[in-house]
Amino acid sequence: MVDRPLETELVERARRGDLHAWETIVRTHQGIAFRTAYVMAGNAADAEEAAQDGFVKAYRALGRFRRGAPFRPWLLRIVANEARNRRRSAARRERLSLRAAAEARPGDAVPSPEAALLSRESQGQLLAAVERLSDDHRDAIACRYLLDLSEDETAAALGIRRGTVKSRVSRALERLREELEGEL
Amino acid sequence: MTSLEIRLRALGHELDLPPDPPDLATRVLAELQGRRPFPWRRAAVLALAVLAIAVAAAFAVPQARTAILRFFHLGGANVIRVDTLPPARERSLTHGFGKPLPQAGAERLLGFRMALPPVHGHPPARVYVIGNSIGTVALRRHGRPVLLSEFKSFGAQSLKKLMTAATTVEPVTVNGGAGLWIKGAPHTLTYFDRSFGFQERPVLIRGNVLLWVRGPLTLRLEGDLDRAAAIELARTVH
């Protein structure tokens, strides 16, 4: 992670043609760019291509980047657009799934096997409910919560206004509550 | 924040996301550093590169100082006609495809989703992966085993077939895209390994082969199928 002033300087250098500065930017943001593309495109191969093409297109579009604006939302908008284009042309999108086994982090309390199983089943039901949402609602929930993007970043990634993010998230949460009524 | 929102945030940490692509920065820089020539120049450079690769490929195989008679390029595969085949070990239809993995694990390793024919709700029991590059599933058609292999192109040399004049190569169309139907005498196959580079251990193939391209993937069907049956099966692979 680079701090904001350093990132601004790197963007300026890249704008002047400094590819080493752009390399630092790519290394800083490639994780979130790839994960965003994966959630949008639905498979690793398309996500990889979308992230790579997104970084190339963003570099070539640096002249249109507004100085002083937050950089990450601008970048994610380009990458997400690439990923969405691939999703449109793909026959189907893979569903998201849970990791094979929960990995305990240092310092975590160890739950009982029964509690762990119940928690896993419950999260599996939640993920299935998210996947049953309409594409618009599912993408809003995925960006805002699963990827932990800010409202501005979600708006940029989805190509919609911030107010539309709020309303889509609100309606999607309502829908999820209805779906999971009794289970929550 | 509501309990539902907390659970959704936690869900984000429990997702089975693939690892970040390796060295994305290097690939981005390589693409940016490569000047994009005019289309005619690019095409000429590409044609020369394919020719150079084909020549190098044929002479790279030990004891195969062969004369190149003709070559075809399709997706990530090069099909090269030579006057003599190099020594090669024979592979059966049931051995030598790499490590068997569940479909999801294999796709993570390969970095792409396998395109498959309808399997009536059941995923293939195993996907065999060679060199983290080529995924193969064994199918049965009319009681006979048929292999479906898929790989993403890593350049014009991802997979190479050498064959003699006794093997026929015929252009075909599969789902509106280009394909090649390879029939007749045995031919050899070598491939590019994402981890270890080009493998110089050609294997001998005796079955007929259909090669075709689907998006970024090159696919091949191998087995005791005639041309019509192979194309019919290929059309169902999505």
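Which residue in S10(B) is the bridge partner of Thr168(B)? The partner is Lys183(B). This is a predicted model. Chain A has 8 helices and 0 strands, whereas chain B has 5 helices and 15 strands. The points below take each chain in turn, then the contact between the chains and the core.

**Chain A: overall make-up**

- Read along its sequence, chain A follows the pattern α-α-α-α-α-α-α-α.
- Of the 184 residues in chain A, 36% count as buried.
- Taking contacts in chain A between residues at least 6 apart in sequence, 65% join residues at least 24 apart.

- Helix H3 of chain A covers residues 44-60, which is 17 residues.
- At 1.5 Å a residue, H3(A) should span 24 Å, and this agrees with the model because its end C-alpha atoms are 24 Å apart.
- Of the 17 residues of H3(A), 13 are buried, so the helix is largely enclosed by the rest of the structure.
- Asp148(A) sits in the loop between helix H6 (135-146) and helix H7 (151-158) of chain A.
- The phi of Asp148(A) is near 60°, a positive value in a residue other than glycine.
- Asp148(A) has 15 other C-beta atoms within 10 Å, so this residue is partly exposed; a residue counts as buried at 20 or more such atoms and as exposed at 12 or fewer.

**The largest nonpolar core**

- The largest nonpolar core has 81 residues.
- Those with the most contacts inside this core are Ala37(A), Ala47(A), Ala51(A), Val79(A) and Ile141(A).
- Helix H2 (residues 19-41) of chain A gives the largest share of this core, 11 residues.
- Domain 1 (4-89) and domain 2 (113-179) of chain A each contribute at least three residues to this core.
- Not counting residues up to four places away in sequence, Val79(A) touches Ala33(A), Thr36(A), Ala37(A), Ala50(A), Ala51(A) and Gly54(A).

**Contact between the chains**

- The contact takes 38 residues from chain A and 30 residues from chain B.
- On the side of chain A that touches chain B, at least two residues come from each of H2, H3, helix H5 (113-132), H6 and helix H8 (162-179) of chain A.
- H2(A) supplies the largest share of that side, 9 residues.

**Chain B: overall make-up**

- Chain B has 238 residues, of which buried residues make up 34%.
- For contacts in chain B between residues at least 6 apart in sequence, 59% join residues at least 24 apart.

**Chain B: the sheet of 8 strands**

- In chain B, an open sheet of 8 strands has the order S4-S5-S6-S7-S15-S14-S10-S9, with antiparallel pairing.
- Its edge strands are S4 (99-101) and S9 (167-174) of chain B, each of which pairs on one side only.
- Neighbouring strands of this sheet are turned by 25° against each other on average, direction ignored.
- S5 (residues 127-130) and S6 (residues 134-141) of chain B run antiparallel and are joined by 3 bridges.
- Within that pair, Tyr128(B) has Thr136(B) in S6(B) as its bridge partner.
- S9(B) and S10 (residues 177-184) of chain B also run antiparallel, joined by 8 bridges.
- These two strands, S9(B) and S10(B), form a hairpin with 2 residues between them.
- Asn175(B), in the turn of this hairpin, has a positive phi of about 50°.
- S10(B) pairs in the antiparallel sense with strand S14 (residues 208-214) of chain B over 4 bridges.
- The bridge partner of Ile182(B) in S14(B) is Val209(B).
- Helix H4 (residues 103-110) of chain B lies across S4, S5 and S6 of chain B, and runs at about 25° to S5(B).

**Chain B: Glu150**

- Glu150(B) belongs to strand S7 (residues 144-152) of chain B.
- With 22 other C-beta atoms within 10 Å, Glu150(B) is buried, because the cut-off for a buried residue is 20 or more.
- Leaving aside neighbours within four places in sequence, Glu150(B) is in contact with Met114(B), Ala115(B), Gly135(B), Leu217(B) and Leu219(B).
- Glu150(B) and Val129(B) are 21 residues apart in sequence, and their C-alpha atoms are 9.8 Å apart in space.

Definitions and conventions: Residues are numbered from 1 along each chain as its sequence is written. Chains are lettered from A and ligands numbered from 1 in the order in which they are written. This is a predicted model: local features need pLDDT of at least 70, side-chain atom pairs count only at pLDDT 80 or more; totals for chains, interfaces and linings use all residues. Two strands pair if DSSP finds at least two bridges between them. Axes are lines fitted to C-alpha atoms, for helices over the stretch in contact, and angles run from 0 to 180 degrees between N-to-C directions. Two residues are in contact if their C-beta atoms, placed from the backbone, lie within 7 Å. A nonpolar core is a set of buried Ala, Val, Leu, Ile, Met, Phe, Trp, Tyr and Cys residues joined through C-beta atoms within 7 Å. Domain bounds come from an automatic or database domain assignment. The expected span of a helix is 1.5 Å times one less than its number of residues.
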